[in-house]
Structure formats: structure tokens, C-alpha cells
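Subject: Structure handover

Hello,

Here is the structure we talked about. Please open it next to this note and follow along.

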Amino acid sequence: MIKKISVIGAGRVGETTAQMLAIQKLASEIVLIDLDDQYAQGVALDIQQTSEVFKFDTVIKGSGDISAIKDSNIIIITAGLPRKPGMDRSDVLEANLKIIDGVMDGVIEHANDAFVIMVTNPVDALTYYACKKTNWDRSRIIGQAGVLDSLRMSSFIAMETGLSINDIKTLVLGGHGDTMVPLIRYTSIGGVPITQLLSKDVIEGIIQRTRDGGAEIINLKKNSSAYDAPAAAVTVMIESIVHNKKRLVPCISLLEGEYGQNGLAIGVPVVLGENGIERIIELEFNDEENALFSQSVSVTHDLALEVDKLISK
Ligand code: NAD
């Protein structure tokens with residue numbers, strides 16, 4: 001078990017993630033940081049009081065002081081504004097970049113050896129920024145997008161087919177937004193390609209619903225973006241690191257030549273283990289996949305340029 005995991009941002013995603021990590025017994029200590037010290041303490045206490053039900057001995061602490069993350073093995077960053085109905089993830093870039101800049105100062109000062117899981121949106125751009133600011137080995141800074149997008153796509157396929165979610169495999173790459181790339185060639189149920197089980201039209205519908213997965217939930221909830229499935233996705237990533245499971249999952253990583261990109265952070269298949277991102281898997285795309293991925297690269301690249309512009313202001 002990893003000793004200490006800190007969650008910076010004790011809002012909806014942060015709180016739910018901490019609860020799931022405790023239930024899965026993935027750390028002996030979990031620290032939640034938020035702007036308001038008492039609020040963070042309240043969230044921690046609330047989760048602590050579920051320990052008897054879920055039989056965990058993890059100590060949960062809350063604080064408004066970022067130095068409480070000291071010596072964390074893993075830092076999860078969920079601090080920042082979520083989008084509202086009608087907003088795109090990039091609409092919160094300027095506000096969240098400022099927040100992440102401050103948060104990363106704290107991470108560098110107090111937990112310079114930790115792994116960082118970036119969740120705050122726009123997550124590709126902020127993962128890029130965290131890599132750039134720290135200059136750490138890229139294996140230690142991992143953005144969450146593809147695990148969630150794949151969970152969503154798998155759920156839609158299970159809902160459509162009535163078949164067990166346990167047999168469904170999906171893979172969604174690219175940026176976490178409208179240009180994400182759900183890969184149909186890598187989608188199967190019990191090893192059977194999805195194209196043999198569902199019509200082209202139904203598959204197109206599932207792809208679109210996956211792309212709109214976050215927006216669909218915001219539009220229904222109105223005053224909150226999604227947080228249960230995002231927290232579950234982060235938990236999948238942490239579990240693979242803590243238990244050295246070496247799961248092959250899509251995550252945002254800084255590319256250093258892979259997929260023809262240098263210095264861009266975007267969703268690609270990676271192997272997650274005790275050393276963070278241990279491998280990046282390069283797929284050979286067909287023409288259609290290549291066009292979709294290139295479009296996603298272009299949008300993600302523009303956001304990274306926007307980050308550079310805002311930071312040099
Ligand atoms: P939320 O408003 O419920 O929580 C955000 C928390 O961050 C708030 O409690 C706020 O006080 C705190 N915060 C702000 N600045 C801080 C700072 N400097 N230090 C510490 N805490 C600070 O929002 P949420 O629904 O939990 O979403 C959080 C972020 O995660 C948003 O940017 C959202 O878009 C993003 N998100 C990403 C994914 C993904 O797949 N990557 C999925 C869901 C949400």
C-alpha cells in the first residue's frame with residue numbers, strides 16, 4: 001500500500017475520489033486540500049466516518065495549507081472551476097491555469113518526488129503546463145481523460161446491447177473534448193468486434209454520445225459537472241500505480257516523438273505501474289483514425305499555445 005495520497009481540491013471530484021481511494025484501501029493516509037481549511041476538514045471527517053462501513057484504516061485529513069501534502073507519494077489535482085452548461089472545457093483555461101500554477105508551486109515545494117495525476121480541465125493543456133513547469137520526467141505527470149471517456153463508451157455499449165460491461169473493451173484517445181478519438185477497431189465485446197454486433201448507425205450514435213458524455217451530464221444536473229465516473233477513472237489509474245498492475249489504459253502523457261509529436265500532452269495508450277507511465281504504446285492508425293487523431297492534435301496544440309501565451313503575459 002502507498003503511504004500517502006493527497007487530493008488538491010476537495011470539491012465534488014476530489015471528495016468522491018478520496019472516498020473511493022479509501023474504500024479501495026489504496027493509501028494509509030489521504031490528505032484533502034482546499035482553499036477553506038474548515039471545509040477541507042469537514043470533507044475529511046465525513047469520509048473518515050465511513051471507515052467502519054467500508055472497513056478501511058486509512059487516516060483522512062483535511063487542510064487549507066498546502067504544506068500538508070508533504071512527502072505524498074501521489075498528488076491528485078482537482079482544484080479549479082468546473083464548466084457550466086453551454087461551456088466548453090477550454091472556457092475555464094485562463095482561470096484554472098492561474099490556480100494550477102499556484103498549486104504546482106506547492107507541489108514542487110512540498111512533494112517534489114510525487115506522481116501527479118492532473119484532473120482539472122482543460123486537462124490536456126494543464127497536464128502540458130505541469131510538465132513544462134516542473135521539467136520532471138514525463139512518467140510522473142499523468143492526465144486523466146481516456147480512462148473516463150472509455151468508461152463512458154463501455155457503459156453506452158452495455159446499455160445499447162444489454163450485454164455484460166465486464167466483457168466490453170473500448171479505447172478512446174486524443175484530447176479530452178469534442179475531438180476525442182473513440183477507436184472502433186479496438187472496441188469489442190467478449191473478443192467479438194463491435195462492428196459484428198451493432199450497426200454502423202448505432203455505433204456512430206455511441207461515438208457521438210461518448211464525445212458529449214460530460215456535456216450530457218452537465219445539461220441534466222445543471223449545477224454540477226460529472227464527478228462519480230471521473231473519480232472512478234482516477235481510482236483505476238491510482239490502483240494500477242499502487243499495485244503495480246501495469247494496466248494498459250489511455251492517459252494524457254507528454255509525447256517525446258511518439259505519434260510524430262514532440263512536447264504535446266494528449267491521450268495515448270500507456271502502461272501504468274509503480275513507475276507511473278512505464279511505456280507509451282504507438283498504434284498504427286488507418287487513414288480514418290489518422291485524420292481524427294490529427295484533428296485532435298491540432299486542437300490540443302492550439303490550447304497548449306494558448307497556455308504559453310497566457311503564462312508569458
Ligand atoms: P468543484 O467546484 O466541486 O471543486 C473544485 C474545488 O477546487 C473547490 O472546492 C475549490 O474551492 C477548490 N479550489 C480552487 N482553487 C483551489 C486552490 N488554489 N487550492 C485548493 N483548492 C482549490 O469542481 P469539480 O466538479 O470537483 O471539478 C474540479 C475540476 O475537475 C474542474 O476543472 C472540472 O472541469 C475537472 N474535471 C475533470 C474531469 C476529467 O475527466 N479530467 C472530469 C470531471 C471534472
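Predicted model: local features only at pLDDT ≥ 70, side-chain atom pairs only at ≥ 80, totals over all residues.

Residues are numbered from 1 along each chain as its sequence is written, and side-chain values use heavy atoms, with hydrogens and water left out.

**Rings**

Rings of Phe, Tyr and Trp (its six-membered ring) pair if their centres lie within 6.5 Å; planes under 30 degrees apart are stacked, over 60 edge-to-face, and the rest tilted. The count by this rule is 3 aromatic pairs. In one of them, the ring centres of Y259 and F285 are 5.5 Å apart with planes at 35 degrees, so the pair is tilted. This pair links distant parts of the chain, 26 residues apart. Y259 is in the loop between strand 12 (247-256) and strand 13 (262-273). F285 is in the loop between strand 14 (276-280) and helix 10 (287-311). Helices (H or I, at least four residues) and strands (E, at least two) are DSSP runs, numbered from the N terminus.

F285 also pairs with F293: centres 5.1 Å apart, planes at 45 degrees, so this pair is tilted. Both F285 and F293 are buried. Ring pairs join Y259, F285 and F293 into a cluster.

Elsewhere, the charged end of R140 sits over the ring of W136, 4.0 Å from its centre. The rule here is NZ of Lys or CZ of Arg within 6 Å of the ring centre and within 35 degrees of the ring normal.

**Domains and cores**

The domain assignment gives domain 1 (2-143) and domain 2 (146-311); such bounds come from an automatic or database assignment. Their C-alpha centres lie 21 Å apart. The contact takes 41 residues from domain 1 and 53 residues from domain 2, where contact means heavy atoms within 4.5 Å.

A nonpolar core is a set of buried Ala, Val, Leu, Ile, Met, Phe, Trp, Tyr and Cys residues joined through side-chain atoms within 4.5 Å. The largest has 86 residues, and I76, I117 and I238 have the most contacts inside it. Both domain 1 and domain 2 give residues to this core, so it lies between them. Leaving aside neighbours within four places in sequence, I76 contacts residues including I5, V7, I117, V119 and I238.

The expected span of a helix is 1.5 Å times one less than its number of residues. Helix 4 (residues 93-110) has 18 residues and should span 26 Å; its end C-alpha atoms are 25 Å apart, which agrees. Its buried residues include L93, L97, I100 and M104.

Helix 5 (residues 123-134) reaches 16 Å from its first C-alpha to its last, close to the 16 Å expected. It is mostly covered, with 10 of its 12 residues buried. The cover includes helix 4, strand 5 (115-118), strand 6 (141-143), strand 12, strand 13 and helix 10. Just after helix 5, N135 takes a positive phi of about 60 degrees.

**One more residue**

I60 lies in strand 3 (residues 59-63). I60 is buried, with a relative accessible area of 7%. Not counting residues up to four places away in sequence, I60 touches A22, I30, L32, A44, I47 and Q48.

Best wishes

Note on methods:
Buried < 20%, exposed > 50% of the residue type's maximum accessible area, 1.4 Å probe, protein only.
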